[in-house]
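Please look through the model below before reading the notes.

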Amino acid sequence: MTKLAIATALAIAFACSIAHADTAQSYQINIAHTGSIAFKRGFAPPLKRRWVRNLGGSISYPVIANGIAYVTVGNDYGYGSQIYALNIKTGETVWQRLIDSIYRWSNAAYDNGQIFVVDFDGVVEALSAESGALNWWSYPHDGQNTFSSPPTATNGQLFVGGSGTGGTLYAMAESDGTPEWTQTVENGDNSAPTIGDGGVYVTYPGQYYKFDPATGALIWRYNGGIEGGGGRTSPYFGRQLYARDGLSNIILDADTGRATGTFSTTPIPAFFKNASGKSDMLELTNNQLYCVDVHSGNVIWSFVGDHKLSTAPIVINGIVVEGSGSGELYLLDGTTGSVLWSTNVGAPIPAPDEQNIFQQPLTGLGAGDNTLVVPAGSQISAYVPQRNRHR
Amino acid sequence: MRRSLNALAGVILGILSVASAGRAADDATAYQINPAHDGSIALSGGFTPPLTRAWVQNLHGSVSYPVIANGLVFVNVGNNGVRYGSHFYALRLNTGEIVWRKKIRGSYYWSATAYENGKVFVVNADGVVRAFTADDAGLVVWMRRLPCLGGTATSAPTALNGYLYVACETRGVYALREDNGHIRWNSPITVQESSPTLGDGGLYITDSGLYFKLDPTNGTTLWLDGGVDTNVGENSVYFDKHLYLRDELKGGDFVLDAGTGAIVAPAAFLQSPAFYQDADGNQYEYAVIDANLYAVSVKTGTVLWSVLAKKTDYLVTAPIVVNGLVVVGSASGKLYLLDGKTGALLWKDKVHGRFDGDSGTLTGLGAGDGMLLVPSGAILTAYTPSVPGRKR
């Protein structure tokens with residue numbers, strides 16, 4: 001390899017790393033689904049609402065890249081959904097596409113300039129993130145007919161889960177949708193593939209898997225002795241997989257698949273390193289938010305808010321963001337749990353429903369491009385710091 | 001020599017009369033206006049809003065999509081709630097006067113119509129096909145019963161280039177000679193509720209899970225896709241070398257390359273979409289989905305503009321495009337005329353009745369011979385455009 005080629009490769013790698021720094025590319029912001037992001041320009045309250053829109057149907061978690069927030073929106077009257085690309089600064093529609101499928105579920109992921117949308121029927125569309133033009137599309141050829149897992153895209157590969165007759169995890173090329181491998185799983189629903197530690201993970205009731213992303217080879221399988229029903233999305237953090245399946249929450253060693261502990265949460269937890277460099281997990285249980293030391297399991301602080309806390313938490317530059325069913329939006333100090341700022345977004349902020357996905361896309365808070373994006377039913381709001389301060 | 005000249009003159013006159021009695025540019029000859037079912041028409045006299053209500057007729061049954069030719073409008077009217085069967089009407093386009101009415105006996109309330117070459121063709125659910133002269137006389141030219149063998153014919157017919165294409169649930173697609181009703185060919189493809197679509201030298205049959213392109217001259221299969229006939233089909237649309245169809249087996253609406261049958265893109269439309277190409281070559285798809293109207297760029301698939309329904313009302317009709325203006329109706333009976341490029345509202349009206357498309361009669365908006373025809377339940381309303389330069 002010539003020096004020029006090496007320099008070019010390094011420049012591209014650097015550019016990619018820069019491009020990803022403020023990008024929210026999946027459910028719970030990143031491909032590990034940790035719900036954590038660090039804005040380069042800092043993030044400090046008070047916030048101001050930059051824009052608010054009503055898109056006429058239930059709004060998904062946002063995917064944010066290159067100045068655009070992408071959301072899927074369930075149709076209000078009939079079946080089907082739509083994807084909107086919204087200018088992150090103004091909320092204006094940059095482009096919009098119709099997604100035809102039975103029911104109202106579809107969800108999206110971003111990588112390398114493309115938005116990938118999966119609908120309930122299993123139709124995958126790869127769209128130009130800039131223009132919305134269809135680059136390629138595919139549908140399952142193996143008879144699976146129920147798709148309810150948000151997609152995950154990284155490193156040139158797109159991972160999609162489907163079910164119908166048993167379940168299948170699909171890996172396809174981001175560039176053209178070429179199938180790379182498939183793996184049979186039990187049973188394919190409601191689990192966005194998770195990336196971490198050289199593996200792709202999916203978790204269904206009693207059945208957790210780690211596959212080699214490159215080949216699809218099974219690295220390990222945790223068999224809890226049961227199977228059936230829809231799973232949940234499991235975050236990867238600190239060489240551990242926090243496996244959720246709707247029945248239990250088990251911490252697994254990501255290398256071996258051995259159970260190392262349990263945790264307690266309803267929506268997907270978030271993870272971050274606190275001001276002292278220790279790793280913390282944010283769990284929402286019975287509408288109360290707990291910050292737990294990952295290593296000791298000790299509760300560091302808890303927050304009850306208006307007693308209606310609902311959302312899966314996210315963390316921006318060490319500041320915890322949590323929403324409630326009464327529309328309250330809280331920013332909490334990640335170290336102490338004290339309220340730094342709050343507002344009411346004007347509509348109930350629903351809990352993510354990872355199970356009953358027929359009626360709406362999977363929703364959640366999102367952050368990227370120095371902006372906090374808050375879907376609340378059919379309303380979506382964007383918040384930015386009143387003044388950018390580095391923390 | 002004189003006899004030869006007279007014979008030659010007769011031949012020329014015959015050719016001219018056939019040509020003039022064939023499909024004129026302003027005719028609406030099939031469901032969604034034309035054999036491609038693309039819902040688009042260019043009226044030679046222009047189509048400028050505001051529109052004026054020319055006449056209203058109550059036909060006391062569910063009124064079908066209109067077929068418009070020779071200064072007449074033809075509709076099927078189901079005898080809903082009375083007795084099985086329907087009636088076939090010819091109305092004067094300018095006045096709404098009923099010129100003639102034919103009783104169409106048979107099972108259910110369904111019948112449907114197509115027009116070409118001076119004849120209107122009516123098919124009922126039993127597969128009985130009738131040809132009438134499309135004039136003030138309404139004479140029966142021929143009648144024949146297709147061997148549907150207990151099944152039903154529930155696909156609107158299509159007529160083009162001297163042949164009438166009729167689909168039968170149990171015995172497939174028939175091509176009948178328009179002049180005498182003789183069967184030219186039969187292709188044993190079971191079809192329900194999917195009107196044969198014509199375009200790019202092919203005849204398209206789209207049942208859910210199974211779709212074909214046939215040679216319209218001999219019924220030879222040019223391509224087929226799908227493989228499992230699972231359900232009732234839906235009307236497909238041909239536009240610019242592509243076929244737009246719904247396939248529930250594959251999970252929704254798709255765009256096919258009309259030449260090869262290959263699926264080239266997913267799509268979204270609840271009812272038959274309408275298409276339009278402007279003078280600059282820009283191509284638009286108009287689709288009613290989820291009670292809203294969307295204009296989609298055919299090139300990119302992105303939404304160009306949308307008209308969102310109010311919470312108390314729903315856009316429900318399949319849209320049509322008249323001279324680049326989109327016509328669509330809402331459940332409560334509101335009729336909208338929109339700029340096809342921008343979605344700007346140009347004119348609206350409230351018709352008598354409601355646009356309720358689930359009456360057993362295939363209905364839809366229509367336009368032809370300088371008029372807009374709007375069925376709404378049992379009511380048929382005709383509108384005329386403004387005359388440029390004339391003050392209202």
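1. Of the 391 residues in chain A, 55% are buried. A residue counts as buried if 20 or more other C-beta atoms lie within 10 Å of its own, as exposed if 12 or fewer do, and as partly exposed in between, with C-beta atoms placed from the backbone.

2. This is a predicted model, in which local features need pLDDT of at least 70 and side-chain atom pairs count only at pLDDT 80 or more, while totals for chains, interfaces and linings use all residues. Residues are numbered from 1 along each chain as its sequence is written, and chains are lettered from A and ligands numbered from 1 in the order in which they are written.

3. Chain A has 1 helix and 33 strands. Helices (H or I, at least four residues) and strands (E, at least two) are DSSP runs, numbered from the N terminus. The radius of gyration of chain A is 19 Å, close to the 21 Å that the globule rule gives for 391 residues, so chain A is as compact as a globular protein of that length. That radius is taken over C-alpha atoms, and the rule is 2.2 Å times the number of residues to the power 0.38. The C-alpha trace of chain A spans about 60 × 50 × 45 Å along its principal axes.

4. On one side, strand 24 of chain A is joined by 4 bridges to strand 23 (residues 270–273) of chain A, and the two run antiparallel. Strands pair if DSSP finds at least two bridges between them. A:Phe272 has A:Asp280 in strand 24 of chain A as its bridge partner. The hairpin of these strands has 5 residues between them, and A:Gly277 there takes a positive phi near 85°.

5. Strand 24 of chain A also runs antiparallel to strand 25 (residues 288–293) of chain A, with 6 bridges. A:Leu284 stands opposite A:Leu289 in strand 25 of chain A. This hairpin has 2 residues between its strands, and A:Asn286 in the turn has a positive phi of about 50°.

6. Where do the chains meet? In all, 20 residues of chain B are in contact with 23 residues of chain A (C-beta atoms, placed from the backbone, within 7 Å). Strand 22 of chain B gives the largest share of chain B's side, 3 residues. That side divides into 12 nonpolar, 5 polar and 3 charged residues. Ala, Val, Leu, Ile, Met, Phe, Trp, Tyr, Cys and Pro count as nonpolar, Asp, Glu, Lys and Arg as charged, and the others, Gly among them, as polar.

How values were computed: Two residues are in contact if their C-beta atoms, placed from the backbone, lie within 7 Å.
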